[in-house]
Amino acid sequence: MSKINIEEIIKRFRDMRLPVMADGLVSLIETGQLKTLDTLEILEQLTSEEYISRKNNTINRLKKKAHLPQKNAQLEEIDYRPERQINRSVVEQLRTLDYIRNHRNVILLGACGTGKSYISNALGNLACENGYTTYYCRIFEFLDECHQELLLTQSIKKTITKYSKYDVLIIDDFLISSVQEREAHHIFQLFEYRYGIKSTIVCSQLEPAEWHHNLGGNLIADSILDRIMPNAYELILYGESNRK
């Protein structure tokens, strides 16, 4: 193959937005490997490098959009000290990501500082690494967006659409205080749109019975819990705050 033809191939790679393949071919030429490898070996090396690069770019993009506050959280780093009483079998089930494929929810309960947010962020990172769209928020942030849109448009359609689209939605500080009736309706709409279609990870210092009370203890509260609780994975964390 002539030098001119090789340069033309490199140019085509760049024109087709395959920069890693272009750089890989240049490297093979400069190191002399182009003459020692057969055609399939060259193709395997160039396409593998391009694939890995694109996959890593996709993962980085997903993680950036996820707004995870603990960007380095990993399930492998969970502290399993006996006093924390973390159910390792539940964590291993979550690691398979079957909960996402089966559109099941996850409930993380425990006192302040026991590591709920860390585990939720670790699950979020794992979801992104496997190509699932993910988003982290605190419940008051969601309600504030609903409030702002309602003031401007008399609707919360845009906000509900935004929060409904993610494969995995992580909601932290869930119902740690009472909400107004209108806010309870906003929460109901969110879970109604996500129920059976997407997975939601809920982190809270309070147990579901207290959620029910903070939602008003009425039919709306019943309906919200009915869309969160059935078939949800539950993980309860004990022990003292890790922030001490």
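This is a predicted model: local features need pLDDT of at least 70, side-chain atom pairs count only at pLDDT 80 or more; totals for chains, interfaces and linings use all residues.

Colleague: How many disulfides does a search of the whole structure find?

Modeller: A disulfide is a covalent bond between the sulfur atoms of two cysteines. In this structure the search finds 0 disulfides. For Cys-112, the nearest cysteine sulfur belongs to Cys-203 and is 12 Å away. For Cys-128, the nearest one is that of Cys-137, at 14 Å. The cut-off for a disulfide is 2.5 Å between the sulfur atoms.

Colleague: Is Cys-128 buried or exposed?

Modeller: Cys-128 counts as buried because its relative accessibility is 0%, and the limit for buried is under 20%. Cys-112, by contrast, is partly exposed, with a relative accessible area of 43%.

Colleague: How do the axes of helix α8 and helix α9 cross?

Modeller: Two packed helices are described by the angle between their axes and the distance between the axes. Here, α8 (residues 157-164) and α9 (residues 181-194) have axes that come within 9 Å and cross at roughly 45 degrees. The angle therefore makes α8 oblique to α9. The crossing of α8 past α9 is right-handed.

Colleague: Which residues in α8 and α9 meet?

Modeller: From α8, Ile-160, Tyr-163 and Ser-164 take part. Their partners in α9 are His-186, Gln-189, Leu-190, Tyr-193 and Arg-194. Sorted by class, this contact of α8 with α9 comprises 4 nonpolar, 3 polar and 1 charged residues.

Note on methods: Residues are numbered from 1 along each chain as its sequence is written. Side-chain values use heavy atoms; hydrogens and water are left out. Buried means under 20% relative accessible area, exposed over 50%, partly exposed in between (1.4 Å probe, protein chains only). Axes are lines fitted to C-alpha atoms, for helices over the stretch in contact, and angles run from 0 to 180 degrees between N-to-C directions. Helices (H or I, at least four residues) and strands (E, at least two) are DSSP runs, numbered from the N terminus. Angles under 35 degrees count as roughly parallel, over 145 as roughly antiparallel, 65 to 115 as roughly perpendicular and the rest as oblique. A crossing is left-handed if the near helix is turned anticlockwise from the far one by less than a right angle, and right-handed if clockwise. Contact means heavy atoms within 4.5 Å. Ala, Val, Leu, Ile, Met, Phe, Trp, Tyr, Cys and Pro count as nonpolar, Asp, Glu, Lys and Arg as charged, and the others, Gly among them, as polar.
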